[in-house]
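Please open the model in your viewer and keep the selection tool at hand.

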Amino acid sequence: MTVTLPPYETTALVLQGGGALGAYQAGVYQGLHEAGIALTCLSGISIGALNTAIIAGNAPDRAVAKLTEFWETICKPNSMWGLNSAIEQSLFDINDTMRGALSAFHAGNALLGGQKGFFQPRFPPPSDYLRGSPDTASYYDTSALKSTLERLCDFDRINSGAQQVSVGAVNVRTGNLVYFDNARTTLRAEHFMASGALPPAFAAVEIDGEYYWDGGLVSNTPLTQVLDSRPLRDTLVFQVDLWSARGQAPTNMSEVSDRIKDIRYSSRTRMVTDELRWSQYLRHILERMLEHIPEDIRASDSYCRMAQELASAKRFNVIHLIYRNKPYEQHYKDFQFGMATMREHWHGGLEDIRLTLADPDRLAMPENASGFVTHDVHREDIERLIKAAAQKGSGVS
């Protein structure tokens, strides 16, 4: 099904970090590609940065195949303790108890042996006290990831400017979040690896004399980077989050660990979105107020000139796609690289974006006072159920 979009100036895909959960993002991209939606802007952090590299580094008609190759590569263990894919899928399909057992098995494999084309344990392991080098101070070596990215990505294409591409990383020395953008920097595999260098598992990546860690340490959601870029543009954003800020109170210590990760890495998505909405509302107010001020005063008054720099009538539509936890998943879901689980994550992203695109009203230009709207197909379903229940309880039909 091909989707026709309103005349947005920017159509962006924003990808959060979340390790093995990132296959959900690949499914979302597949659905966007099936719908014929051309992306002009890509921004990612951590595993979102790696997916960004694959998508931006290939022609649209090849990107899904390359994403498939990437995920089928890194979901194979380095050790010999892997399962035949068909057998694994058959076991996975039995029930949640078996899915939970397989998840624990694959998480253990990742910890002990690493994942093919991605990372492997350092031997000897790093010392707690002896000084070494920042690029070896980690439990795992990610040099294989550089080869994987260079094999699957065309970096000339990434740097061509056909799409705006940016990835977030943290400068280890200053603690500041930095975005590497192809408009200002020639992006290499190292920039994407730096965005996913989560300590202490992965070492800092050196770029131009500075060392960088995973951007998720500061902010796991690069939405602000896209919507605050100048000049402001009418923008449609597909924001794909891998951690849900909302969840149930945990009842055991495994659930406590899982919930901590959800809250920490969701990066307060709704708070960030609310702040961006409020900022755009103020810009719209300034734009309307300036219309009532004579042009000569606007040109001569310094405060009017400052207001004109801040004012904007641009409109933002943010489509949230948020991965939802499965009943069998535990706190190690982000480093559980089982092939069957990966396919389920991928399918979940594909189904969610198809459901989202089925209602063209979700893609419409905002017409409200703030010029800012958000949509989340799961939240909207819950709100409809609550409304229906309330109406039933009050006797309203």
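Begin by selecting Tyr281, which is partly exposed at a relative accessible area of 31% (buried means under 20%, exposed over 50% and partly exposed in between, with a 1.4 Å probe and protein chains only). This is a predicted model, in which local features need pLDDT of at least 70 and side-chain atom pairs count only at pLDDT 80 or more, while totals for chains, interfaces and linings use all residues. Residues are numbered from 1 along each chain as its sequence is written, and side-chain values use heavy atoms, with hydrogens and water left out.

Tyr281 belongs to helix H11, residues 269-290 (helices, H or I, are DSSP runs of at least four residues, strands, E, of at least two, and both are numbered from the N terminus).

Select Tyr24 and Tyr323, an edge-to-face pair with 5.6 Å centre to centre and 75 degrees between the planes. Tyr24 is in helix H1 (residues 23-34) and Tyr323 in the loop between strand E10 (316-322) and helix H14 (339-357), so the pair ties together parts that are 299 residues apart in sequence. Tyr24 is buried, at 1% relative accessible area, and Tyr323 is buried at 2%.

Finally, select Phe118, buried at 7%, and Phe119, buried at 6%; together with Tyr140, Phe202 and Phe337 they form one aromatic cluster.

Definitions and conventions: Rings of Phe, Tyr and Trp (its six-membered ring) pair if their centres lie within 6.5 Å; planes under 30 degrees apart count as stacked, over 60 as edge-to-face and the rest as tilted.
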